[in-house]
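Please open the model in a viewer and keep the selection tool at hand. The stops below are visited in turn.

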Amino acid sequence: MTDRYQTFTRTPLGKTLVKNLGLPDPLPLPRWTEGAPVIDGPVVFGAIGETDAGKAVQALLRDIGAAFSTATEGVASSEIRPKALVFDATGAASTADLTSLQRFFSPLVRQLAPAGRVIVVGRTPELASSAEQQVAQRALEGFTRSLAKEVKRGATVNLVYVAPDAHEQLDSTLRFFLSPKSAYVDGQVARIGTGPLVSNDPARPLSGRVALVTGAARGIGASIAGTLARDGATVIGVDVPQNADPLRKVISRIGGTELLLDVTAVDAAQRIAAHAQEQHGGLDIVVHNAGITRDRRLVNMRTDAWDAVLDVNLRAPERITKHLVDSGALRDGGSIIGVSSMAGIAGNNGQTNYATSKAGVIGLVQALAPVLAERQIRINAVAPGFIETEMTAKIPFAIREVGRRINSLQQGGLPIDVAETIAWFADPASAGVTGNVVRVCGQSMLGA
Amino acid sequence: MTETRKVAVVAGNRIPFARQDKTYRHASNSDMLTAALNGLVDRAGLGGQEVGEVVAGAVLKHARDWNMVREVVLGSKLAPTTPAYDIQQACGTGLEAAILVGNKIALGQIDAGIAGGVDTASDAPVAVNDRLRNILLDLNRAKTYPDRLKVLARVRPKDVVPEIPRNAEPRTRKSMGEHAALTALEWGIGREAQDELAYRSHVNLAKSYDRGFQDDLITPYLGLEKDQNLRPDTTLEKLAKLKPVFGKGETATMTAGNSTPLTDGASTVLLSTDEWAEQHGLRPLAYLTHSQTAAVDYVKGAEGLLMAPAYAVPRMLQRAGLTLQDFDYYEIHEAFASQVLSTLKAWEDPIFCKERLGLDAPLGEIDRDKLNVNGSSLAAGHPFAATGGRIVAALAKQLDENGGGRGLISICAAGGQGVVAILEK
């Protein structure tokens, strides 16, 4: 689905009109391509004091070969066009330290390159060592979410909360937020806890891993399957028999195996476990992507429409997860990823069934994260906003146009944006990332 | 409750099955069923006699045929005092008719009865569409000329488009073949295995004709002496060349060769007690000992449309105290080669047997050399309601010829149903 308005804004006439009428001016977001560096421009790093987290950030910046300078206070300069501003605020012990945010960012924000990245690293407020620190750390969220709305031209602002002693877990998350892989993730908060240190090849982080993707035949699912395969995983693509042909095409392109079944079948979980164990010796990554909509206002909601949506979107992931975990088919150190939705957070007219199921996915993440941690299995969810797919292409023009524009990036996301976020969750190096629900919505105004 | 009586299959007769719109294109269901019934009456020497009951049915039936079987009896060589009734359970009709007759015999309500089935895909009922039907009914209700004219004025050109029956499930709007194609994908049933099964069906049916096995099971009709669909000279190479007709793209495997064609035909079976048979100079070929039906919820996609026999058989086995391997013959109706193979694979699958059937161990494999030894629907064709009678008669004869043994009958039916039975001698 092409965004005709966006294409138009790139024409000479479009440019003039957009400028003079103050129309939305969505910059086409660059996406990551294989072999590209994590970030292709200079980084300015700032901090409140010297901290472990700050050291970890700087080590990573060196690791990825980013040209970076450090500054406690930003300096307005027309010479540098930083591609990213990274600020370590874990040192903020009280609200007095919040001054640093303004001092550092105010002069620099204007310099930020198109599709630039702003990352603030903070201490998980609930785990702060004092009440004063907790207040200061919690305050960061208001800052990043607002700045996300202010920065223009495809730039994003995200907050990474890191638990005490978890600074060594920052790498995979910073790589994600610095790179174009997070193009459509904006105004979000990621939480990083402690976990085993996993060193893997960032070019192929999923090498040797087996990943299950439900609903893999088309749309976002096909993109997820392709992205996990690109990162080195062997993919088991699951879809209903009706989609056998598109699924075959996906799997023959990326390798792996196909499994045709309805995730709501009573024996779906057992079949998946048996297939994974027989064909691949087990599973490491589970992506519950299969989902359906049956939109109706509740007054007109038919029982079968209600049931079908809950069965596919919520009960199936719940049951399959339980069986894969209990049977041991999902190996220790594995990663489960649910697909929630903006509707599950904000609610949506005509989607009581869908939003119930998608909010339930968030519940699944929150309920299971602490339990599964014992086996170092992680569970997270993405919550996509307006993503350009065959499904959104069917939305009536006016509603679609509104859906696309009412976010900070003023455009719809692409399936790859959801897939990249999932790949970050799937990465074994994200061992400290669990219990997160990250929106891939360009900071939509809905449910923000 | 009194002791039930043994139910013997004593004779069977059918007319050769014809492909749609060929030899039987102008024959009605009644014509064909009468021909099959008269052939049975002649063979069993029952001319002018009364039997306890005649039970039969047709899947595609004209509205005027509401009392078809009784009308057929009246036009047949049986005594006009023979009662009859119509039933319909899609492709399970013929076998269900035999079960119903058998049950009355077992309970002592009748001593002998005839079960049958007939279907025509050529002389199919064509109905006026619902709108026109309502207009015509209103016209009938109108009392005055002006009122009638007013009603007639409602007729629009589109109203003359008739409703032709489709071989599709009303709730999913998918044809049976499209449903079977999904099940085939789910069970990973490949093209080669399907063609192989179809090939064996043709070879086995051809052999049965060659050795004269069909001679006393068939009465020629309208010049046709053998099933028109039978291709004795077909080869795996020829079958492999056919293009898929159900499903799409490179995953499609179901062709006209490994799916049954639409067919016209009729069949009948005579069942009775041992005593009745003896009194009439007949002898039991085999006994109908067990039966079972089952249905699956295919509408939501929880189970394949044609998978109900996979549920019915284990329930029947449990009641009979038998295992799947305790049979000398297996008659699994071949609606589609893929449906037979999906059923067999399901019975071998530990997950299916545990999670869907609630069994601790899978039912296991069957000896394929015992499957459809005289051919089945892929070769003979499948006039829906006539298939049950064909199978019951042929299996009974095969058991008799074998000097005894046990045979399993499994028939899948539209609406997600399955009818299964055991014949023993």
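Begin with helices α6(B) and α11(B), whose crossing is left-handed (the near helix is turned anticlockwise from the far one by less than a right angle). This is a predicted model, in which local features need pLDDT of at least 70 and side-chain atom pairs pLDDT 80 or more, while totals for chains, interfaces and linings use all residues. Residues are numbered from 1 along each chain as its sequence is written, with chains lettered from A and ligands numbered from 1 in the order in which they are written.

Select residues 176–186 of chain B for α6 and 337–348 for α11: their axes come within 9 Å and cross at roughly 40° (lines fitted to C-alpha atoms, over the stretch in contact for helices, with angles from 0 to 180 degrees between N-to-C directions).

Next, show B:A180, B:T183 and B:A184, which meet B:S338, B:Q339 and B:S342 (contact: C-beta atoms, placed from the backbone, within 7 Å).

Now turn to chain A and its open sheet of seven parallel strands, ordered β9-β8-β7-β10-β11-β12-β13; strands pair if DSSP finds at least two bridges between them. Select β9 (257–260) and β13 (437–440): each stands at an edge with a single partner strand, so one side of each lacks a neighbour in the sheet.

Finally, display A:D239, whose bridge partner in β9(A) is A:L260.

Conventions:
Helices (H or I, at least four residues) and strands (E, at least two) are DSSP runs, numbered from the N terminus. Two residues are in contact if their C-beta atoms, placed from the backbone, lie within 7 Å.
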